[in-house]
Amino acid sequence: MPDTILGQPIDRIDGKAKVTGAARYAGDRRAEHPAFGVIVTSTVGRGTINKVDIKEAQAAPGVVLVMSHENAPAQAPFKHAGDRHARPKPQLNGARVHYYGEPVALVVADTFEQATAAARLVRVSYQTEMGAYDLAGNRRFAYTPAELVQGKPDSSLGDFDKGFAQGAQTVDATYTTPYQSHNPMELVASLAQWDGDRLTVHCATQLVDAAHHSIASTLRIPLENVEVISEFIGGGFGGKLPIYGDAILAALAARQLKRPVKVTLTRQQMFSVTTHRAATIQRVRLAAGTDGKLTAIAHEVMSQSARMDEFVESAAASTRSMYAAPNRLTRHRVVPLDMPVSDSMRAPGDAVGQLAIEQAMDELAYKLDLDPVELRLRNEPTEDPEKHVPYSTRKLVECLKRGAAEFGWDKRPSVPGTLKDGQWLVGFGVAAAIRGNYRRPATARVRMDENRHVTVEMDMTDIGTGSYTIFAQVAADALGVPIGQVTVKLGDSSYPQTPGSGGSFGAASCAPAVHDACMEIKKKLDAGQGPGNLQAEVKSAPGEEFKKFSQYSYGAHFAEVGVDTSTGEARLRRMLGVFDAGRIYNSKTARSQLVGGMIWGVGSALHENAVVDQRYGLFVNHDLAGYHVPVHADVPAVDAIMLAGFDGKSNEMGSKGVGELGICGAGAAVANAIYNACGVRIRDYPITPDKVLRGLMRPANLAQQR
Ligand code: MOS
């Protein structure tokens with residue numbers, strides 16, 4: 001046994017509560033004499049509400065309140081600037097309709113069923129306007145956003161055109177990625193309850209502190225009068241970074257009715273009331289000499305943004321740090337559409353950016369007649385090529401080499417269409433992964449009682465990632481107590497402030513705070529002060545290391561795919577990812593994150609697609625029957641290896657972000673395997689059978705299949 005519990009594959013300490021139903025999610029919360037709210041959403045994509053006729057709904061059995069913009073209480077106005085998740089989120093605050101499926105009314109009744117029935121009786125009439133719903137068709141309206149999370153929207157270095165002209169081989173290809181929908185298992189839900197002028201909201205949020213600010217500012221009440229509780233969360237993925245209408249409307253209705261109100265989105269409403277991943281059009285241009293060294297890289301991104309609220313899908317941001325090349329260009333443009341609000345979804349930017357750039361690298365490898373692993377190795381930079389600073393740690397080469405060896409990459413058919421297994425053509429694909437590493441200030445409070453029982457408190461959340469477990473491990477390790485002697489309390493705005501779960505920064509931000517607070521306790525113990533009623537509250541924050549060093553986590557994906565030559569169906573046969581995420585706090589929960597991300601990558605390559613009805617601007621397949629995600633049969637034998645590592649520049653504990661790393665590049669490995677299998681290159685994700693079949697029917701490919 002190693003002498004530390006850190007890194008060990010400890011089972012989730014909240015696992016039993018979850019599988020026995022003891023864990024209470026926001027929608028499970030009970031209250032005395034509750035009322036239930038159901039949201040009514042718009043049925044036009046753009047326009048103005050003429051009239052909301054609530055007479056019939058109001059008269060329906062059990063109905064206690066019907067709210068629309070005509071009678072909703074005044075709230076703070078929407079703000080475009082500032083922390084996007086802490087902003088006011090006013091609801092039903094005007095007659096304008098910004099997108100199809102926007103909340104336009106709330107019906108509250110004694111039971112959920114009564115509210116659901118009465119919601120159908122609300123009659124809304126509209127002055128409908130022509131909306132813009134097509135990304136490609138509206139590209140002439142694209143504009144340059146002011147900034148990205150990662151810096152400027154554009155970057156350039158050297159002379160791209162000259163560098164591109166120097167290439168012995170070039171790729172100039174456009175890749176498109178579709179809308180993806182946020183639909184974790186747990187629906188977005190809120191239970192709001194007032195006690196005098198004090199409000200408690202149980203809601204499903206990744207960011208308790210931001211939700212706290214957002215709710216208090218919307219209702220224009222002091223922060224200290226609001227408590228936000230998000231103890232268990234059934235999946236976040238970025239879809240629970242913001243709060244939504246359920247939280248605000250529940251709070252407004254509960255105040256008016258002097259009674260607790262619960263509002264839960266329906267599964268179908270999840271597709272429009274929450275955010276989504278924006279569709280993108282990405283042009284990638286690569287040029288390389290016969291030696292396989294890139295002379296030029298360009299990655300230009302166009303993505304959808306809601307007209308009402310800008311969001312930039314920063315798909316080319318990591319391209320700035322990925323491969324060496326003297327001449328470089330990245331650009332981000334957004335196209336405002338009358339669509340629901342796009343926002344972060346697991347590895348925003350990186351996930352879709354690498355669907356493009358990592359497929360382009362594969363295309364270049366074939367043109368150069370070079371192994372695609374080798375092409376990547378030849379373009380490994382010695383420092384960040386655009387920031388001109390060293391990497392904190394970067395083990396991409398090791399990820400590629402280890403993965404190639406473990407996967408049996410040497411058995412890859414070098415000529416597409418040559419490896420057969422019955423009706424299947426079989427191929428291997430590789431793609432690299434890069435994901436920005438972030439850290440934010442966090443405060444932890446640790447207490448130790450006379451029995452040496454340790455309690456950790458933070459407003460951090462566990463969105464299924466394993467936060468409860470890893471912070472217990474950190475505390476047990478620091479204080480030298482068994483993990484059973486540690487209680488971790490998260491998800492309450494009355495606890496010390498953290499950044500919450502987002503951007504893969506949760507563990508790297510909070511673990512050092514827990515560790516430091518434990519060290520304070522230890523100091524007190526050493527000074528003979530305890531045990532018993534010892535308490536320490538410590539804030540931990542990043543320093544200059546994020547300016548002085550280029551910080552990313554890395555990986556390499558290897559996929560084996562079969563393509564059915566008669567149907568065009570592509571099926572994953574096996575997949576391996578090797579990852580560099582610094583120190584791993586728990587090899588079981590971290591592996592689950594990575595494998596989960598890889599599976600989403602497979603879904604991005606083959607399945608997921610929220611289809612827009614171009615006439616009305618709605619997501620047509622807005623349910624889990626029509627919106628496809630991988631099921632078990634789609635993802636056999638997916639495995640992840642984590643390289644041993646420690647990144648002291650990321651934080652004192654040595655970890656880097658892991659939650660969003662697995663999805664990065666994963667789908668490109670599948671796309672590349674499809675090409676290797678059958679010689680069909682599909683640049684329009686997802687790679688569905690109809691697209692592959694069209695490729696298989698081209699004469700050159702037909703010849704292969706005989
Ligand atoms: Mo993440 S997409 O910042 O939860």
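## Domain contacts and local features

In this model, 13 residues of domain 2 are in contact with 16 residues of domain 3, where contact means heavy atoms within 4.5 Å. The model is predicted, so that local features need pLDDT of at least 70 and side-chain atom pairs count only at pLDDT 80 or more, while totals for chains, interfaces and linings use all residues. Residues are numbered from 1 along each chain as its sequence is written, and side-chain values use heavy atoms, with hydrogens and water left out.

The domain bounds, which come from an automatic or database domain assignment, are as follows.

| Domain | Residues |
|---|---|
| domain 1 | 26-130 + 184-266 |
| domain 2 | 155-179 + 276-437 + 548-705 |
| domain 3 | 440-541 |

The C-alpha centres of domain 2 and domain 3 lie 36 Å apart. Between these two domains about 1,100 Å² is buried, with carbon and sulfur atoms giving 56% of that area; buried area is the accessible area (1.4 Å probe) that two parts lose on being put together, summed over both. The side of domain 2 that touches domain 3 has three nonpolar, seven polar and three charged residues, a grouping in which Ala, Val, Leu, Ile, Met, Phe, Trp, Tyr, Cys and Pro count as nonpolar, Asp, Glu, Lys and Arg as charged, and the others, Gly among them, as polar.

Between domain 2 and domain 3 the count of salt bridges is zero, a salt bridge being a side-chain nitrogen of Lys or Arg within 4 Å of a carboxyl oxygen of Asp or Glu. The whole structure, by contrast, holds 46 salt bridges. One of them pairs Glu231 with Arg29, whose closest N and O atoms are 2.6 Å apart, and this pair links parts of the chain 202 residues apart.

Some backbone features also deserve a look. Tyr685 and Pro686 are joined by a cis peptide bond, with omega about 0°. Leu92, although not a glycine, has a positive phi of about 50°. Most residues other than glycine have a negative phi, and most peptide bonds are trans.

Note on methods
Helix = DSSP H or I, 4+ residues; strand = E, 2+ residues; numbered from the N terminus.
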